[in-house]
Amino acid sequence: MTRISALCAFSAAALLAGAVQASPIDQAFGNTILSTYPDGRTAELWLHPDGSYTAEGRKGDPSSGKWSMKGDKLCLKQSKPSSSIISFCKPAQADQLKSGYTTKAVTGETIQVKLVQGRAKGHQGPPS
């Protein structure tokens, strides 16, 4: 009886997985979203399939929180080191992540954003 229950559960999960539309940022899982600032330093963002994220700012400061998609926008809501009551949202389309694009950081600075294969870390650029 246990084998039949397990098989039914697996089949139902497979059907649901096929019916759920993939997020445009699914390609980011296991990879790094790299943001390059005008001073050459970089920030790294790692999205996890469970809706959480971890990041390292351009000064090496770690942060984490939750991510979500709202339409074609990737929204980040920080929980550590300090909690935020608002989400920071920016357009994030799969084709843009692969080729890279220019946008504004939360600080208002113009940054270059690109998806980098693997878990890139420490791409801090030239010393300031």
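Ser63 sits in strand 4 of this predicted model, and with a relative accessibility of 18% this serine counts as buried, because the cut-off for that class is under 20%. Once its neighbours within four places in sequence are set aside, Ser63 is in contact with Tyr53, Thr54, Ala55, Gln78, Lys80 and Pro81. Two of these partners, Lys80 and Pro81, are themselves joined by a cis peptide bond, for which omega is about 10 degrees. Pro81 belongs to the loop between strand 5 and strand 6.

**Strand pairing and the sheet**

Strand 4, which covers residues 62-70, pairs with strand 5, residues 73-80, in the antiparallel sense, and the pairing extends over seven bridges. Within this pairing, Lys70 stands opposite Lys73 of strand 5. In general, the strands of a sheet pair through backbone hydrogen bonds, in either a parallel or an antiparallel manner.

Besides the eight strands, the chain holds two helices, and read from the N terminus its elements follow the order α-β-β-β-β-β-β-α-β-β.

**The disulfide**

The structure contains one disulfide, which joins Cys75 to Cys89 with an S to S distance of 2.0 Å. Such a link is a covalent bond between the sulfur atoms of two cysteines. The angle about the S-S bond is 115 degrees, and the link of Cys75 and Cys89 is right-handed. It connects distant parts of the chain, with Cys75 in strand 5 and Cys89 in strand 6, 14 residues apart.

**The aromatic pair**

There is one aromatic pair in the structure. The ring centres of Phe29 and Trp67 lie 5.9 Å apart and the ring planes meet at 45 degrees, so the pair is classed as tilted. Phe29 is placed in the loop between helix 1 (2-19) and strand 1 (32-36), while Trp67 is in strand 4, so the pair ties together parts of the chain that are 38 residues apart in sequence. Phe29, with a relative accessibility of 23%, counts as partly exposed, whereas Trp67 is buried, with a relative accessible area of 13%.

**Accessibility of the residues discussed**

| Residue | Relative accessibility | Class |
|---|---|---|
| Ser63 | 18% | buried |
| Phe29 | 23% | partly exposed |
| Trp67 | 13% | buried |

**The chain as a whole**

Of the 128 residues in the chain, 31% are buried. The accessible surface of the chain comes to about 8,100 Å², and carbon and sulfur atoms account for 61% of that area. When the contacts between residues at least 6 apart in sequence are considered, 37% of them join residues at least 24 apart.

Conventions:
Residues are numbered from 1 along each chain as its sequence is written. This is a predicted model: local features need pLDDT of at least 70, side-chain atom pairs count only at pLDDT 80 or more; totals for chains, interfaces and linings use all residues. Side-chain values use heavy atoms; hydrogens and water are left out. Two strands pair if DSSP finds at least two bridges between them. Helices (H or I, at least four residues) and strands (E, at least two) are DSSP runs, numbered from the N terminus. A disulfide is a pair of cysteine sulfur atoms within 2.5 Å. Buried means under 20% relative accessible area, exposed over 50%, partly exposed in between (1.4 Å probe, protein chains only). Contact means heavy atoms within 4.5 Å. Accessible areas come from the Shrake-Rupley method with a 1.4 Å probe; for residues, only the protein chains shown count as cover. Rings of Phe, Tyr and Trp (its six-membered ring) pair if their centres lie within 6.5 Å; planes under 30 degrees apart count as stacked, over 60 as edge-to-face and the rest as tilted.
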